[in-house]
Protein chains: 2
Amino acid sequence: MNHLAVVGFGQMGASLAAAWKAGGLRILAIDSDPSVLRKALERGWADEASSAIDDSARADAVLLAVPVRAAAALLPDVVRVMRPDSLLLDVASTKRAVVETYRRAGCGVPYVSLHPLAGNEGTGIDSADPAMFRDAPFLVLSVHASDEVVADLESRIRAIGARPIRMASAREHDAAVAATIHLPHVLAYALAHLGRDHAELAGRSFRDSTRVALSDATMVLDFLLTNVPRTTEAIERLVRLLERFRAMLAAGDEEGLARFVEEAKRIRTRL
Amino acid sequence: MNHLAVVGFGQMGASLAAAWKAGGLRILAIDSDPSVLRKALERGWADEASSAIDDSARADAVLLAVPVRAAAALLPDVVRVMRPDSLLLDVASTKRAVVETYRRAGCGVPYVSLHPLAGNEGTGIDSADPAMFRDAPFLVLSVHASDEVVADLESRIRAIGARPIRMASAREHDAAVAATIHLPHVLAYALAHLGRDHAELAGRSFRDSTRVALSDATMVLDFLLTNVPRTTEAIERLVRLLERFRAMLAAGDEEGLARFVEEAKRIRTRL
């Protein structure tokens, strides 16, 4: 991989392009918004820019950096124009839709699906930050690629300060992010609704626990609606834990509550 | 109020004593641990120190700064030795137990129950910070006190940078903190348990949403177990919101989800 076309130069696409360009990759920015392409070039985050998605055929790797459902919609058109030995990449927040679409497209280009667990509350190129990957977990799902290709990607991921973590399947990925990313969002929304009448009392615990409610709503709906089975499962498991906690409280079971609380504190401390 | 006895020189007692002493109050530190009293004097956070709770009778106001159940246990002994015109204060995290104990004690000293929504994950005098009240909501429940006494307290609360907020009753207080403080703790514990198998994936959203799980477990159990009816109610309301969200997800109701998410984001943004 020497020449990467990044389709969608929003927060994630621009950040990753800028970080990898600093490491020597040649970047072709592709976006439908001319002002975004201008910024990409001005900031030195891309070597070339185009508004035509078919230009991605010129690169030896194509990164889809648009929301999940847009990525799944674009994927068939992109793989159709790609050279057969070019590498397909994406940074979709959930994997079932993109992997199924890739399989249905049946074109066989090498494909590694990525998911950097990084980002901020902003949207678009103006919120991009090439340093956002430092110490971030960076999920790697090899859908159809040689060990060499995956190893090369992992070393590029390490080079920008992130920690590559291999996922065995789209299902494993989607279940893991349901528990660690999607559920915190759902909880933050529910908690914000509950706290509505007590806004003036919102101290640090309430602010921390609801911070992710500030995330871009379009992005969140995109990942929730492409991960319905795993997210609803995670909600159900959480509700069962809450019911157990409520029952211990109602029974005044101080010992049981202490065990639950201490174990949770141990898990959180180890992070 | 000129001379304040602070019973319990832990994080909250020491912080509030230090902040108010800087504003001119004379402070008598009372604690069973001699090393705590030594630190209180060395750091200039107290003018005098004693390990005898009866010495609180020498001050014209007594602040119980121990956990809720300890405060309720100490209260009858403290009011027994107080001068009838002295002011009783506490900083209990929940109000039902202390207010009921005060009423049963039937001694009639003036009593204002306080609750600064401030603090850090540490415990004890070494984690105290007189600056922690800056911009913090500071709940004020006048149980039995003249308007002048309450107004004087509120001006002292403002003087240390906090925002006094009047509570109408112990019940109102306990319901409000159940939604904004106790529930975030319960959720953080449940979420930590759910994320246990995915610890390496814990990114910013998971860390933010579970941060309060790091709180001192003894303190948390103390406030949960003295606020069982309001906390279980809050859990039940949250579970109903989660069920509603899960149903919208399962039905693919994008419009309903978008409304829920956008409204939550609006509430959180206003904080």
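Start where the chains meet: select the 80 residues of chain A and the 80 residues of chain B that make the contact (heavy atoms within 4.5 Å). Before going further, note that this is a predicted model, with local features needing pLDDT of at least 70, side-chain atom pairs counting only at pLDDT 80 or more, and totals for chains, interfaces and linings using all residues. Residues are numbered from 1 along each chain as its sequence is written, chains are lettered from A and ligands numbered from 1 in the order in which they are written, and side-chain values use heavy atoms, leaving out hydrogens and water.

Together, chains A and B bury about 7700 Å² (accessible area lost on being put together, 1.4 Å probe, summed over both), with 72% of it on carbon and sulfur atoms. Now pick out Leu194(A), Leu201(A) and Arg268(A): they supply 10% of the area chain A buries against chain B, more than any other three residues.

Next, the charges. There are ten salt bridges between chain A and chain B (a side-chain nitrogen of Lys or Arg within 4 Å of a carboxyl oxygen of Asp or Glu). To see a salt bridge, zoom in on Glu236(B) and Arg246(A), whose closest N and O atoms are 3.6 Å apart.

Show side chains where they meet, including Phe245(B) from helix 9 and Phe260(B) from helix 10.

Terms used
Buried area = accessible area lost by both parts, 1.4 Å probe. Helix = DSSP H or I, 4+ residues; strand = E, 2+ residues; numbered from the N terminus.
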